[in-house]
Amino acid sequence: MIGLLDAIIQGILLGGLYALFATGLSLMFGVMRLVNLAHGDLIVLAAFVILAVTEKLGVDPFAAVLLAAPILFAIGFGLQHVLLNRTLGRDLLPPLLVTFGLSIIVQNGLLQMFSADSRRLRSGAIETASVSLGGDIAVGVVPLLTLVSAIAVIVALNFIFYRTSIGRAFRATSDDLDVAQLMGIDVNRTFAMAMGIAFVVIAIAALYLGLRANFDPTIGPARLLYAFEAVIIGGLGSFWGTLAGGIILGLAQTIGARIDPEWQILSGHLAFLLVLVIRPRGLFPRAID
Amino acid sequence: MDPGTAKPKQIFRIATAHGVSRPAAAIACIVLLGLVLLPTFAGRNLIQDLIFLFYMLALAQCWNLLAGYAGLISVGQQAFVGLGGYVLFALTLVAGLNPLLAIPVAGIVSAALALPTALIVFRLRGAYFAIGTWVVAEVYRLGFAQVKALGGGTGTSLTPSVTASVPGIEWIKTLLDVRTPAARDIASYWLALALVVGTLAFVYFLLRSRQGLALGAIRDREAAAASLGVDITSIKLAVYVATATMTGMIGALIYLQKARISPDAAFSVLDWTAYVIFITVIGGIGTIEGPIIGAVVFYLMQRYLADFGAWYLILLGTLGILVMLLAPRGLWGLLSRRYDLTLFPTRRRLETEPDE
């Protein structure tokens with residue numbers, strides 16, 4: 001019984017990480033209907049950027065992410081402005097193919113620069129610190145911080161979307177691109193801003209990816225699939241739905257792993273396919289499309 | 001009314017053959033004959049290279065039919081390559097079936113599993129369909145990694161008795177006076193050639209048929225095709241199952257030739273989907289000629305640049321992006337527009353001539 005309760009708590013905390021992976025993807029889809037096949041590789045890229053900052057400046061990863069975030073915002077802004085805006089239109093193939101190509105470029109670029117070695121972000125005592133919840137159950141501080149950060153990111157994004165003028169532009173382009181343009185919204189700049197913000201979310205996701213486990217240049221595609229599954233399970237168009245999707249995926253993986261360690265990933269995928277069969281539009285859908 | 005001012009009556013005809021397409025058909029027959037006879041004089045390296053070229057081309061034709069015509073952009077066709085390979089290994093190693101028989105059975109199994117797969121992934125549209133198919137391929141990979149009889153996560157090899165039991169190897173040995181390994185390659189070469197010609201013929205005649213007209217309409221604009229009475233869902237389902245069948249058979253052949261299988265290699269998104277997508281897009285998506293050109297370009301790049309490892313893949317990714325942005329119809333699109341070329345006449349054109 002304690003074992004099951006423990007699995008549920010760990011699963012919810014793992015879900016926080018998946019929600020962080022998924023929120024960036026959800027934001028890109030929500031604003032510019034872009035499905036970014038390079039998302040997982042970009043998270044890994046951000047983890048290497050944070051690693052490079054910690055090693056160069058000798059600072060803690062939590063401080064490094066503050067320095068890396070503006071760099072990544074600029075990369076995201078530029079990427080959308082220069083490359084991805086050209087791919088958006090009626091045809092689905094260009095954005096898919098360009099982000100797929102980008103995924104291969106980022107993966108192999110990282111391989112060239114950082115080799116295939118497993119790396120990890122080091123942050124001293126906090127990595128192994130844990131909080132006892134009574135009984136035999138304890139939760140790690142880093143997993144707990146991951147979930148808290150996921151919630152904070154979603155609160156911040158909802159604030160941006162519903163309380164600021166750029167957020168109004170995001171919602172307008174999302175609802176109707178043509179009318180938004182007629183109303184004088186600079187779509188290219190709006191999309192670039194959205195991608196910049198998505199890259200800041202990616203930086204936060206990358207911090208916890210690197211703190212919680214080893215990473216190497218090849219693990220991106222699997223993170224893309226987890227992020228995607230969380231978005232679809234939660235239903236399109238709602239960040240809180242994405243958080244719920246991440247938690248369901250985390251629970252499925254953790255409970256599957258308790259039955260047989262080899263089944264962790266497989267049970268996550270199967271939970272996703274099950275949701276697709278029962279509720280094709282996800283559990284908490286808001287957007288149509 | 002004055003008869004002199006009436007518009008002359010015209011005769012309208014629907015034609016497909018155009019310009020160079022008739023001489024091209026003759027040349028294609030000669031090239032095919034040359035390829036059939038090639039093992040009698042070519043070296044073993046060329047034979048092995050061409051086997052690789054043939055199965056990449058066959059996979060690209062399947063993906064082109066799926067994505068270029070039916071609008072089903074799948075990033076998960078490695079599911080059927082791996083499935084076909086594993087079915088071949090299971091049937092030959094465990095059930096003792098002849099490999100030549102196992103190839104069509106692999107196709108049937110792929111079709112049988114493509115149907116329930118489609119029921120799930122067809123619930124996703126557009127780009128989400130793409131990632132959904134990838135998830136399914138991962139499920140297949142992780143599933144086969146659990147099958148201990150086929151080596152689990154590390155995979156397994158075909159025994160020499162299986163690889164030598166392809167019919168005709170003895171015949172090739174005496175006919176061409178070669179040793180067993182070379183004879184195996186030649187048998188695989190002819191099988192791969194037969195499969196690629198079969199795939200091309202299937203795609204070509206499908207596109208010239210009534211269903212092909214519907215597929216072309218879906219490619220050009222789905223909503224308009226639907227409004228003209230094209231049953232989009234059933235055509236897409238049929239194309240998905242048909243390409244899964246062919247992809248499964250190609251996968252079986254690939255792993256008969258490789259004689260060693262593992263889940264990570266057999267369900268590799270890079271080898272069996274990324275390369276195939278780049279071949280199709282660089283050559284020209286939505287045409288039969290495009291993947292052929294793309295396969296040749298890819299083969300040359302692989303041959304001369306693959307030693308550069310990661311840089312080669314970065315180059316391939318960059319090339320794919322550039323083609324998509326600057327020449328979305330690919331190399332064949334550039335050529336055919338400039339010189340008005342058609343090698344595989346699948347497009348129906350309206351010809352008019354005045355009535356005498």
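Leaving aside neighbours within four places in sequence, which residues is A203(A) in contact with? They are A46(A), V65(A), A68(A), A69(A) and L72(A), where contact requires C-beta atoms, placed from the backbone, to lie within 7 Å.

This is a predicted model, in which local features need pLDDT of at least 70 and side-chain atom pairs count only at pLDDT 80 or more, while totals for chains, interfaces and linings use all residues. Residues are numbered from 1 along each chain as its sequence is written, and chains are lettered from A and ligands numbered from 1 in the order in which they are written.

A203(A) also belongs to the largest nonpolar core, where it is listed with A46(A), I50(A), A194(A), I202(A), M56(B) and L253(B) as having the most contacts inside the core. This core comprises 198 residues; a nonpolar core is a set of buried Ala, Val, Leu, Ile, Met, Phe, Trp, Tyr and Cys residues joined through C-beta atoms within 7 Å. Helix α8 (residues 187–212) of chain A contributes the most to it, with 19 residues. Helices (H or I, at least four residues) and strands (E, at least two) are DSSP runs, numbered from the N terminus.

The contact between the chains draws 32 residues from chain A and 29 residues from chain B. On the side of chain B, α5 (126–144), α13 (269–283) and α15 each give two or more residues. That side divides into 22 nonpolar, 5 polar and 2 charged residues. Ala, Val, Leu, Ile, Met, Phe, Trp, Tyr, Cys and Pro count as nonpolar, Asp, Glu, Lys and Arg as charged, and the others, Gly among them, as polar.

Helix α15 (residues 310–326) of chain B meets helix α4 (residues 93–114) of chain A, their axes coming within 8 Å and crossing at roughly 160°. The two helices are therefore roughly antiparallel (an angle over 145 degrees). Their contact includes L97(A) and I105(A) from α4(A), and I314(B) and M324(B) from α15(B). By class, this contact has 13 nonpolar, 7 polar and no charged residues.

Two residues other than glycine have a positive phi, as tabulated below.

| Residue | Phi | Loop |
|---|---|---|
| R33(A) | about 55° | between α1 (2–32) and α2 (39–57) of chain A |

R33(A) counts as partly exposed because it has 17 C-beta neighbours inside 10 Å. A259(B), with 14 such neighbours inside 10 Å, also counts as partly exposed. A residue is buried if 20 or more other C-beta atoms lie within 10 Å of its own, exposed if 12 or fewer, and partly exposed in between.

How values were computed. Axes are lines fitted to C-alpha atoms, for helices over the stretch in contact, and angles run from 0 to 180 degrees between N-to-C directions. Angles under 35 degrees count as roughly parallel, over 145 as roughly antiparallel, 65 to 115 as roughly perpendicular and the rest as oblique. Two residues are in contact if their C-beta atoms, placed from the backbone, lie within 7 Å.
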